[in-house]
Amino acid sequence: MKQSKLIPVVALLCILLLLALLFQSKWYYLTAKANLTPTERKELVNLAVEALKAKEVPVASLVIYNGKIIGRGYNTVLKDTNIGGHAEINAISDVIKNIGTQKFNSLNRDSLLLITTYEPCLMCRGAISENRIEKVAFIKEKDLGHWIKNEFKSLRYETKKHKVNETTLQDSLFYLHPAYKK
């Protein structure tokens, strides 16, 4: 790698590590608002047991809207042979199956909460973010070493990605969709 390209990569790495340390400093303990309700606890246990029956990692997740459970999920990676079958993604998908995409997108995000038994991975964080779920609560957090390792994976991705020289292909595909607006 050339010297001029190495400096931004090192700076990015330092920033990512600093962010990992900041976000894993347990500052969220200061903002915790409430414990699980008995109903939420029971639902999470039942979902985790379903995961265990399928020999899955026992992670369970709920989507709550205005205090009511509107989506449930547990890990189904092995059961469904689906790499995206994490509890959080399954809970979000369950909401969309139950009420539809349009209604889900119109929900007041201040009244929407995702509860999970284990701190979401990067993939689940992406799904949570893409679906504009701003409030997330988890029971067990991942340790700092986990997040530092993930920052290195992110850095590796950034240094290895390549853009294919077909600039018009995706735009052409977007134009085929009836909802696409230029």
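**Close-up views of a predicted protein chain**

**View 1. E119 and R125 pair up through their side chains.** The two form a salt bridge with N and O 3.0 Å apart; the term means a side-chain nitrogen of Lys or Arg within 4 Å of a carboxyl oxygen of Asp or Glu. Side chains of opposite charge can pair when their charged atoms come close. E119 is buried at a relative accessible area of 4%, while R125 is partly exposed at 35%. Here buried means under 20% relative accessible area, exposed over 50%, and partly exposed in between (1.4 Å probe, protein chains only). This is a predicted model, in which local features need pLDDT of at least 70 and side-chain atom pairs count only at pLDDT 80 or more, while totals for chains, interfaces and linings use all residues. Residues are numbered from 1 along each chain as its sequence is written, and side-chain values use heavy atoms, leaving out hydrogens and water.

**View 2. R72 and E43 link distant parts of the chain.** Their salt bridge brings the closest N and O atoms to 2.8 Å. R72 sits in strand β2 (residues 68-74) and E43 in helix α2 (residues 38-53), 29 residues apart. Helices (H or I, at least four residues) and strands (E, at least two) are DSSP runs, numbered from the N terminus. R72 is partly exposed, with 32% relative accessibility.

**View 3. K53 and E50 share helix α2.** These residues are three positions apart, about one turn of the helix, and their side chains meet in a salt bridge at 3.3 Å, N to O. K53 is exposed at 61% relative accessibility; E50, at 32%, is partly exposed. The whole structure has four salt bridges.

**View 4. C121 and C124 are in no disulfide.** A disulfide is a pair of cysteine sulfur atoms within 2.5 Å, and by this rule the count is zero. For C121, the nearest cysteine sulfur is that of C124, 3.7 Å away. Both cysteines are buried: C121 has a relative accessible area of 16%, and C124 has 1%.

**View 5. L169, L173 and L176 make a nonpolar surface patch.** The patch covers about 320 Å². Patches take residues with over 30% relative accessible area and no salt bridge, joining like charges within 9 Å and nonpolar side chains (Val, Leu, Ile, Met, Phe, Trp, Tyr) within 5 Å. Accessible areas come from the Shrake-Rupley method with a 1.4 Å probe; for residues, only the protein chains shown count as cover. L169 belongs to helix α7 (residues 169-176) and is partly exposed at 48%.
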